[in-house]
Amino acid sequence: MKIRLKLFANLGAYLPAKAVHNETELDVPEGTTPAYLIRQLNIPLRLVHLVLVNGVYIQPDLRDRQRLIEGDVLAIWPPIAGG
């Protein structure tokens, strides 16, 4: 099934080479969860702060239970610091 993955700020380094700007379309197995995809992309958990599916925040304890479906948009942001 196809989903859209968006990685923001320094997480863009974990996108596949075919990515345009900060996003790409991925073909993932049925039953894929955000946590599974984060592990598959080797994104360190310390760099994962906000995870949204179709604009809805997914709490950390639900990221391994929320199943993605065809056409979902998974967006991930790192912790942001500033002044």
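Which residue's side chain meets that of R39 in a salt bridge? The close-up views below, taken from a predicted model, begin with this pair.

**View 1. The salt bridge of R39 and D64.** The side chain of R39 meets that of D64 in a salt bridge, at 3.5 Å from N to O. Because R39 belongs to helix α1 (residues 34-40) and D64 to the loop between β4 (56-57) and β5, the pair ties together parts that are 25 residues apart in sequence. R39 counts as partly exposed, at 46% relative accessibility, and D64 is likewise partly exposed, at 43%.

**View 2. The network of R4, K6 and E23.** Salt bridges that share partners join R4, K6 and E23 into one network. Between R4 and E23 the closest N and O atoms are 2.7 Å apart, and this pair links strand β1 with strand β2 across 19 residues. The side chains of K6 and E23 also form a salt bridge, at 3.9 Å from N to O. R4 is partly exposed at 30% relative accessibility, as are K6 at 25% and E23 at 22%.

**View 3. The aromatic pair of F8 and W77.** The structure holds one aromatic pair, in which the ring centres of F8 and W77 lie 4.2 Å apart with their planes at 0 degrees, so the pair is stacked. Since F8 sits in the loop between β1 (2-7) and β2, and W77 in strand β5 (residues 73-77), the pair ties together parts 69 residues apart in sequence.

**View 4. A patch of negative charge.** On the surface, E25, D27, E30 and E70 gather in a patch of negative charge. One of these residues, E25, is found in strand β2 (residues 23-27) and counts as partly exposed at 40% relative accessibility.

Definitions and conventions:
Residues numbered from 1 in each chain as written. Predicted model: local features only at pLDDT ≥ 70, side-chain atom pairs only at ≥ 80, totals over all residues. Heavy atoms only, no water. Patch = residues over 30% accessible without salt bridge, like charges linked within 9 Å, V, L, I, M, F, W, Y side chains within 5 Å. Areas by Shrake-Rupley, 256 points an atom, 1.4 Å probe, with all protein chains shown as cover. Salt bridge = Lys/Arg side-chain N within 4 Å of Asp/Glu carboxyl O. Lys, Arg positive; Asp, Glu negative; His and termini not counted. Charge placed at Lys NZ, Arg CZ, Asp CG, Glu CD. Helix = DSSP H or I, 4+ residues; strand = E, 2+ residues; numbered from the N terminus. Buried < 20%, exposed > 50% of the residue type's maximum accessible area, 1.4 Å probe, protein only. Phe/Tyr/Trp six-rings, centres within 6.5 Å; stacked < 30°, edge-to-face > 60°.
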